[in-house]
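Please view the sequence and the model before reading on.

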Amino acid sequence: MTKARPLIAVVDDEEPVRKALMRLMRSAGLSVETFGSGAEFLKSVDTRLPDCVVLDLCMPQMDGFNVQVSLAGKCAALPVIILTGHDLPQARERAMQGGASAFLRKPVLDRTLLGAISAAT
């Protein structure tokens, strides 16, 4: 019996970023679903729970911190990897205190991101 490929949710408001991450993860043998907003992703969790979330912090309407808090209330054990272009010490500390399994700065090296996903799943 073969193990199912982990499902990774990518939540980022920038379509080119979502597409690039989707291609990378699929090339590594992962299943991927992408979401253009935090609200869209949180709505999907009611029907399909991913194995890991790659979450952008700076998004309009609902930022990554709000998504992280809402997600923790629904499924606290779900690994969250924060991916951001704004690597501020207070943001890193807040994300990690909120339960993030990794905090990575854009642009991220492919092997760094895939390593974080592997460690989280």
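## Strands 4 and 5

In this predicted model, Ile81 stands opposite Ala102 of strand 5. Strand 4, residues 80-84, pairs with strand 5, residues 102-105, in the parallel sense, and four bridges join them. Together with helix 4 (residues 89-97), strands 4 and 5 make a β-α-β unit that is right-handed.

The model has six salt bridges. In one of them, the side chains of Asp12 and Lys106 meet at 2.7 Å, N to O. Asp12 belongs to the loop between strand 1 (7-11) and helix 1 (15-27), and Lys106 to the loop between strand 5 and helix 5 (110-120), so the pair ties together parts that are 94 residues apart in sequence.

Asp12 is buried, with a relative accessible area of 2%. Lys106 is buried as well, with a value of 17%. A network of salt bridges links Asp12, Asp56 and Lys106.

Lys19 and Glu15 form a salt bridge in which the closest N and O atoms are 3.3 Å apart. Both residues lie in helix 1, four residues apart, which means that about one helical turn separates them. Lys19 is partly exposed at 41% relative accessibility, and Glu15 is partly exposed at 42%.

A salt bridge also joins the side chains of Lys74 and Asp46 (3.3 Å, N to O). This pair links distant parts of the chain, 28 residues apart: Lys74 is in helix 3 (residues 64-74), and Asp46 is in the loop between helix 2 (38-45) and strand 3 (52-56). Lys74 is partly exposed, with a relative accessible area of 44%, whereas Asp46 is exposed, with 60%.

Note on methods:
Residues numbered from 1 in each chain as written. Predicted model: local features only at pLDDT ≥ 70, side-chain atom pairs only at ≥ 80, totals over all residues. Heavy atoms only, no water. Pairing = 2+ DSSP bridges. Helix = DSSP H or I, 4+ residues; strand = E, 2+ residues; numbered from the N terminus. Right-handed = clockwise from strand over helix to strand, strands pointing away. Salt bridge = Lys/Arg side-chain N within 4 Å of Asp/Glu carboxyl O. Buried < 20%, exposed > 50% of the residue type's maximum accessible area, 1.4 Å probe, protein only.
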